[in-house]
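Q: Can you walk me through this one? I'll ask as I go.

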Amino acid sequence: MSQDDASLTARLSEAFQLASSHNAASEKVLQMLSDVARAAHALSVISANDRLDEISTPALRMFLIPSLQADVETHGHIDPAEDRITQRRKQVDASIGAARTFFALVRRHSVLPESVATLLRPYMTKDAQQPMAPADKRMFKIQAFKLEKAVQARLVAFRDAYRHRRTPPADVFYDPLVEAGGDDDEDTEMVPVVSATLEVPPVAHLRSYLMLLIVLHALRTANALESLLQEKELLQAPPEPEAPAEPMDTTWRLDPSWTSPASYAPLLSESGRPLRPFTIIPKREQLKSEVFRPSHRLPTMSIDEYLEEETRRGRILPSTNKDAPTPREQRQVDSEQDGTRTADEAEESPAW
């Protein structure tokens with residue numbers, strides 16, 4: 001690895017380290033990524049007509065620049081002093097552009113395994129992003145989730161065994177595995193990092209690690225791109241601000257608002273002279289309309305309707321014995337039973 005390549009990978013590793021904290025200034029990380037990308041282009045680290053086996057192992061990290069740009073733009077800081085919707089719209093557009101650049105780059109050099117490229121086909125090109133059927137979308141989500149977990153587990157296992165560093169990024173997504181004096185692995189053997197059945201074998205060397213890291217970036221960028229496109233549709237037509245309600249005309253009222261200090265002053269003096277202006281309204285209907293204000297709650301049903309509704313809800317249980325006699329019928333039956341106390345009381349009590 002040349003000295004220039006070592007300098008580029010070191011600067012790229014620093015940008016990844018800053019981005020992993022999510023607390024650093026996004027402008028600084030984006031500026032560092034832009035500088036590395038321009039330097040890599042000037043040095044022709046990756047040529048447009050290079051095949052995958054012609055790209056060196058350290059140069060594989062350059063494929064990660066646009067995907068990291070999309071991630072940083074998505075989580076960028078918004079200045080509260082400026083319009084939030086305008087700032088967010090710019091961030092979403094920049095993130096979508098970086099994500100599409102990433103997919104175009106890996107597609108041009110056939111970096112992704114064929115099985116992964118087939119899985120992510122709806123996101124590989126701008127024209128191919130058509131709405132998927134619900135069943136197909138659900139199957140894609142399940143396969144992408146399982147593959148991402150398997151890829152992440154293989155990357156973490158190889159990283160822990162490859163180098164013993166003090167402070168590696170917690171998320172392997174932000175770890176291009178740059179070590180001082182490293183990158184001596186120039187093995188360009190075309191070993192598939194993901195099988196045709198989306199199985200992930202153990203990582204054998206640094207080149208496989210970086211190619212598998214590109215697969216992880218592709219999976220997360222595809223998931224982020226779907227959310228960004230939905231957010232962009234929402235930002236295209238933000239809701240119109242509600243117009244303030246017109247104030248109610250209270251100039252006709254006899255007294256001002258009860259919160260006004262002048263409302264406690266007397267209306268007339270002892271001699272009958274007006275002390276403050278007032279208006280006598282002859283319209284009884286206008287006064288009547290002011291009796292029940294919007295805060296007044298009127299009944300919404302009669303008592304019979306209320307009882308029927310309570311009975312329907314089961315809060316009032318009906319009588320279980322429908323053949324039971326009424327009190328008047330019961331007194332008549334008791335009066336026919338001569339010689340009993342109940343009959344005597346029934347004869348003495350009038351039958352209403």
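Q: At what angle do H2 and H3 pack, and how far apart are their axes?
A: This is a predicted model. In the model, H2 and H3 pack at about 165 degrees, and their axes are 10 Å apart. That makes H2 roughly antiparallel to H3.

Q: Is H2 passing H3 in a left-handed or a right-handed crossing?
A: H2 passes H3 in a left-handed crossing.

Q: Which residues make the contact?
A: From H2, Ser26, Val29, Leu30, Leu33, Ser34, Val36 and Ala37 take part, and from H3, Ile65, Leu68, Gln69, Val72 and Glu73. The residues of the contact of H2 with H3 divide into eight nonpolar, three polar and one charged.

Q: Moving along, how do the axes of H3 and H4 cross?
A: The H3 and H4 axes come within 8 Å and cross at roughly 165 degrees. H3 is therefore roughly antiparallel to H4. The crossing in which H3 passes H4 is left-handed.

Q: Which residues in H3 and H4 meet?
A: On the H3 side there are Pro66, Ser67, Gln69, Ala70, Glu73 and Thr74. They meet Arg88, Gln91, Ala94, Ser95, Ala98, Ala99, Thr101 and Phe102 in H4. By class, the contact of H3 with H4 has six nonpolar, six polar and two charged residues.

Q: And H4 with H8, what are the numbers for the axes there?
A: Those axes come within 9 Å and cross at roughly 145 degrees. H4 passes H8 in a left-handed crossing.

Q: Which residues of H4 and H8 are involved?
A: In H4, they include Ile85, Arg88, Val92, Ile96, Ala99, Phe103 and Val106. Among their partners in H8 are Ile214, Ala218, Ala222, Leu225, Leu229 and Leu235. The contact of H4 with H8 divides into 14 nonpolar, three polar and six charged residues.

Q: Zooming out, how many helices and strands does the chain have?
A: There are 12 helices and zero strands.

Q: How much of the chain is buried?
A: Of its 352 residues, 32% count as buried.

Q: How many residues are in the largest nonpolar core?
A: That core has 68 residues. Those with the most contacts inside it are Phe103, Leu120, Tyr209, Leu212 and Val215.

Q: Which elements give two or more residues to it?
A: They are H1 (3-21), H2 (26-42), H3 (65-74), H4 (84-108), H5 (114-119), H6 (121-124), H7 (134-162) and H8 (206-236). The largest share, 15 residues, comes from H8.

Q: Back to Leu212, what does it touch?
A: Leaving out residues up to four places away in sequence, Leu212 touches Val151, Arg154, Leu155, Val193, Val194, Val200 and Val203.

Q: Which helix has Gln87, and is Gln87 buried or exposed?
A: Gln87 lies in helix H4. Its relative accessibility is 14%, under the 20% cut-off, so Gln87 counts as buried.

Q: What is Gln87 in contact with, leaving aside neighbours within four places in sequence?
A: Gln87 is in contact with Ile78, Asp79 and Glu82.

Q: Now backbone geometry. What is the phi of Ser44, and where does Ser44 lie?
A: Ser44 has a positive phi of about 55 degrees although it is not a glycine. Ser44 lies in the loop between H2 and H3, and with a relative accessible area of 45% it is partly exposed.

Q: What about the phi of Leu177?
A: The phi of Leu177 is also positive, about 60 degrees, and this residue is not a glycine. Leu177 is in the loop between H7 and H8. At 1% relative accessibility, Leu177 counts as buried.

Q: Last one: how far apart are Lys141 and Asn223?
A: Lys141 and Asn223 are 82 residues apart in sequence and 8.9 Å apart in space, C-alpha to C-alpha. Lys141 lies in helix H7 and counts as partly exposed, at 32% relative accessibility.

Q: What does Lys141 touch, not counting residues up to four places away in sequence?
A: Lys141 touches Asn223 and Glu226.

Methods: Residues are numbered from 1 along each chain as its sequence is written. This is a predicted model: local features need pLDDT of at least 70, side-chain atom pairs count only at pLDDT 80 or more; totals for chains, interfaces and linings use all residues. Side-chain values use heavy atoms; hydrogens and water are left out. A nonpolar core is a set of buried Ala, Val, Leu, Ile, Met, Phe, Trp, Tyr and Cys residues joined through side-chain atoms within 4.5 Å. Buried means under 20% relative accessible area, exposed over 50%, partly exposed in between (1.4 Å probe, protein chains only). Helices (H or I, at least four residues) and strands (E, at least two) are DSSP runs, numbered from the N terminus. Contact means heavy atoms within 4.5 Å. Axes are lines fitted to C-alpha atoms, for helices over the stretch in contact, and angles run from 0 to 180 degrees between N-to-C directions. Angles under 35 degrees count as roughly parallel, over 145 as roughly antiparallel, 65 to 115 as roughly perpendicular and the rest as oblique. A crossing is left-handed if the near helix is turned anticlockwise from the far one by less than a right angle, and right-handed if clockwise. Ala, Val, Leu, Ile, Met, Phe, Trp, Tyr, Cys and Pro count as nonpolar, Asp, Glu, Lys and Arg as charged, and the others, Gly among them, as polar.
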